Amino acid sequence: MVGGGYGAFIGGVHRIASRIDDRFELVAGALSSNADRAAKSAADLGIAPDRSYSDYSIMAKTEADRSDGIDVVSIVTPNHMHAAPVIAFLRAGVSVICDKPLCATLAEADEIARVVNSSSAHFVLTHNYTGYPLVRQARRMIANGELGVIRVAQIEYAQDWLAKSIENDGQKQAAWRTDPAKSGGGGAIGDIGTHAFNLLGFVTGLKTEALSADLHSFGEGRKVDDNAHILLRMQGGAKAMLWASQIAIGNENRVRLRIYGEKGGLEWDQENPNVMSLTAHGEARRILTCGGAGLGDSASDWTRIPSGHPEGYLEGFANIYSGVADLIEGKNKGELLPGIDEGLQGMLFIDTCLRSAENNGEWLSFAL
């Protein structure tokens with residue numbers, strides 16, 4: 001692991017997720033650029049002293065040269081510190097699991113893509129909501145034509161934790177996420193909007209062709225957006241709306257997906273992730289539950305516990321980690337795993353939104 005030492009949030013999430021299915025063991029880390037903090041964090045996590053590093057580049061070379069070196073590294077640093085370690089480990093032949101978004105700028109994204117395409121190692125991006133069982137179920141149902149041709153999609157990710165300018169009071173997570181030098185140009189669109197955008201494409205299977213973005217910052221003195229309304233034109237004539245907000249009081253992590261086709265519609269809410277509604281035209285609404293009846297045989301591949309017990313955030317991450325383990329062992333081809341294409345699309349999404357908003361919501365084409 002690179003990053004994820006004392007005071008970090010997402011590193012702990014990745015560590016828990018990696019262990020849920022007993023597929024990984026944490027054996028090495030550059031958990032901080034401060035040597036003392038790195039060593040103390042490593043000791044607390046059971047990492048041997050000779051495999052604790054304060055420099056990721058030394059870690060990449062040393063671990064690649066060891067006969068028992070790491071199979072994969074998790075990059076869980078702030079956005080501006082993704083590109084360099086991702087590139088270093090891929091060039092060393094070590095597979096990479098990187099937290100989203102891919103990096104801080106489009107230029108960095110292009111450089112990462114070149115290295116991914118020339119490396120024998122694997123690259124996976126942790127858009128964890130794609131690992132939720134009912135999200136994967138929705139993707140399969142749409143691919144099978146159960147909703148018919150998609151007409152309308154509504155996707156939102158609403159939070160309220162930045163309703164006050166807590167970054168000015170030294171709150172660590174808020175401080176770096178609202179600093180464009182560390183987060184990149186996008187605020188809410190980068191932090192949570194990329195999740196919503198990725199989820200929209202993952203479930204519908206549709207590419208975005210153009211978008212119009214209205215971005216705003218309500219936080220006093222805030223240099224990045226904290227609220228975004230985005231219109232999207234999708235493949236096949238489908239229309240979509242995306243709302244990403246970190247100032248919507250009363251919302252904690254409200255990821256809500258609604259998709260409507262010519263034959264039916266479905267709705268799913270991350271804060272109640274074990275339930276999805278499906279309505280065929282002219283019929284009563286059906287309620288599908290995680291691991292419950294009517295989902296098909298493969299639904300059990302994405303669940304671990306008896307139906308009626310909630311599975312969500314950590315298990316979504318775990319599905320990605322277990323998918324990576326299978327990919328490394330040659331048991332799958334990574335079909336459900338977000339990779340470099342999704343990373344590039346996320347960075348292009350941020351860039352296009354910023355350019356559109358700067359020109360009063362101008363419609364801009366969207367293509368890699």
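**Close-up views of a predicted model**

**View 1. Glutamate 167 and arginine 222 in a salt bridge.** At 13% relative accessibility, glutamate 167 is classed as buried, because buried means under 20%. This value, like the others in these legends, is computed from a predicted model. The side chain of glutamate 167 meets that of arginine 222 in a salt bridge, with a distance of 2.9 Å from N to O. Glutamate 167 sits in the loop between strand E4 (150-158) and helix H7 (172-177), and arginine 222 in the loop between E5 and E6, so the pair ties together parts that are 55 residues apart in sequence. Arginine 222 is also buried, its relative accessible area being 9%.

**View 2. Arginine 222 and aspartate 226.** Arginine 222 also forms a salt bridge with aspartate 226, and here the N to O distance is 2.8 Å. Aspartate 226 has a relative accessible area of 0% and is therefore buried.

View 3. For the model, the count of salt bridges comes to 18.

View 4. Lysine 40 and aspartate 44 form a salt bridge, and their closest N and O atoms are 4.0 Å apart. Both residues belong to helix H2 (residues 35-44). They are 4 residues apart, which is about one turn of the helix. Lysine 40 and aspartate 44 are both exposed.

**View 5. Strand E5 and its partners.** Strand E5 (residues 208-216) is joined to E6 by 8 bridges, and the two strands run antiparallel. One of the paired positions is serine 212, whose bridge partner in E6 is leucine 231. E5 is also joined to strand E12 (residues 364-365), by 2 bridges, and this pair runs antiparallel too. Here leucine 211 stands opposite leucine 364 of E12.

View 6. Leu231, Met241 and Trp363 make a nonpolar surface patch of about 260 Å². Leucine 231 is part of strand E6 (residues 227-234). How accessible is leucine 231? Its relative accessibility is 37%, so leucine 231 counts as partly exposed.

Methods:
Residues numbered from 1 in each chain as written. Predicted model: local features only at pLDDT ≥ 70, side-chain atom pairs only at ≥ 80, totals over all residues. Heavy atoms only, no water. Patch = residues over 30% accessible without salt bridge, like charges linked within 9 Å, V, L, I, M, F, W, Y side chains within 5 Å. Areas by Shrake-Rupley, 256 points an atom, 1.4 Å probe, with all protein chains shown as cover. Buried < 20%, exposed > 50% of the residue type's maximum accessible area, 1.4 Å probe, protein only. Pairing = 2+ DSSP bridges.
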